[in-house]
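My entries follow in the order in which I looked things up.

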Amino acid sequence: MSAKIAQHPLMFAAMLIVAATGAMGFAAIPASTQPTLAYELSPQITADDRVIDDGIDQVLFKEAIVTSASSKVDRQLECMAKVVHHEAANQPRSGQLAVAQLVMNRVGQDRFGESICEVVNQRGQFFQTASYNPRRDTDRWATAIEVSRQAMAGNGDQVVPGAVFYHAASHAPNRFFRTRQRISMVGDHVFYR
């Protein structure tokens with residue numbers, strides 16, 4: 001127990017003060033009274049979360065920031081997250097979701113592929129995801145996973161309904177894009193049907 005108390009930042013600071021000043025004191029908590037938390041984590045906990053309880057603190061770890069959670073990422077989700085990360089990690093969330101939804105709009109169409117990985121690895125479209133390995137312990141990767149899951153589940157409104165093509169807004173549209181119906185510009189990308 002003393003090792004756990006020493007790990008708590010406030011208790012550690014108090015122990016340093018006691019050691020420096022020579023003051024000593026004890027406080028007893030009756031065994032019949034359970035201490036109550038100033039906050040309750042239960043409403044915030046989902047199936048993907050971990051709660052660590054060391055007897056002093058309860059800490060909620062969201063899957064997105066726990067590096068061991070990457071084992072829960074299947075191949076299709078990883079392909080999608082790599083595209084979102086590579087193409088739109090510097091974009092607002094709506095821009096990232098637009099890219100992810102565009103990929104989902106392509107899935108199942110003969111000209112693109114039957115799965116997410118087939119769509120994103122199609123020659124001349126995105127890039128070979130196998131050779132792209134972003135750091136998995138960053139907020140950007142966590143957001144890419146979260147956005148990808150949302151798009152794959154079909155949750156939320158379509159940011160760019162029916163979009164199957166896009167290009168960077170910094171580039172003038174070539175002849176191919178001039179023959180397509182422009183939907184909108186989200187972040188640094190222009191989306192088309």
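**Ala144 and its surroundings**

I began with Ala144, which, once neighbours within four places in sequence are left aside, is in contact (heavy atoms within 4.5 Å) with Ala81, Val84, His85 and Gln96. Before going further I noted that this is a predicted model, in which local features need pLDDT of at least 70 and side-chain atom pairs count only at pLDDT 80 or more, while totals for chains, interfaces and linings use all residues. I also noted that residues are numbered from 1 along each chain as its sequence is written, and that side-chain values use heavy atoms, with hydrogens and water left out.

Ala144 belongs to helix α6, residues 139-153; helices here are DSSP runs of H or I of at least four residues, strands are runs of E of at least two, and both are numbered from the N terminus. With a relative accessible area of 0%, Ala144 is buried (buried means under 20%, exposed over 50%, and partly exposed in between, with a 1.4 Å probe and protein chains only). From C-alpha to C-alpha I read 8.2 Å between Ala144 and Met80, which stand 64 residues apart in sequence.

**Overall layout**

I then stepped back to the whole protein, which has 7 helices and 5 strands, in the order α-α-β-β-α-α-α-α-β-α-β-β from the N terminus. Of its 193 residues, 32% are buried, and among contacts between residues at least 6 apart in sequence, 56% join residues at least 24 apart.

**α3 against α6**

Two packed helices are described by the angle between their axes and the distance between the axes. For α3 and α6 I found an angle of about 120° and axes 8 Å apart, the axes being lines fitted to C-alpha atoms over the stretch in contact, with angles from 0 to 180 degrees between N-to-C directions. The two helices are therefore oblique to each other (under 35 degrees counts as roughly parallel, over 145 as roughly antiparallel, 65 to 115 as roughly perpendicular, and the rest as oblique). Their crossing is right-handed, a crossing being right-handed if the near helix is turned clockwise from the far one by less than a right angle, and left-handed if anticlockwise.

On the α3 side I listed Gln76, Leu77, Glu78, Met80, Ala81, Lys82, Val84 and His85, which meet Arg140, Trp141, Ala144, Ile145, Val147, Ser148, Arg149 and Met152 of α6. By class, this contact has 9 nonpolar, 3 polar and 4 charged residues, where Ala, Val, Leu, Ile, Met, Phe, Trp, Tyr, Cys and Pro count as nonpolar, Asp, Glu, Lys and Arg as charged, and the others, Gly among them, as polar.

**Two side chains in this pair**

Ser148 is buried at a relative accessible area of 0%, and a polar atom of its side chain lies 3.3 Å from the backbone nitrogen of Ala81.

Leaving aside neighbours within four places, the contacts of Lys82 include Phe127, Tyr132, Arg136 and Trp141.

**α4 against both**

I turned next to α3 (residues 75-88) and α4 (residues 93-106), which pack at about 135° with axes 9 Å apart, an angle that makes α3 oblique to α4. Here Met80, Val83, Val84, Glu87 and Ala88 of α3 meet Gly95, Gln96, Val99, Ala100, Val103 and Met104 of α4, and these residues divide into 8 nonpolar, 2 polar and 1 charged.

The axes of α4 and α6 come within 9 Å and cross at roughly 45°, which makes α4 oblique to α6. Among the residues making this contact are Gln96, Leu97 and Ala100 of α4, and Ala144, Val147 and Ala151 of α6; by class the contact has 7 nonpolar, 4 polar and 2 charged residues.

**A strand residue**

Last I looked up Ser184 in strand β4, residues 182-186, which is partly exposed at a relative accessible area of 22%. Not counting residues up to four places away, Ser184 touches Val160, His189, Val190 and Phe191.

Terms used:
Polar contact = N/O pair within 3.5 Å; in protein donor to acceptor, adjacent residues only side chain to side chain.
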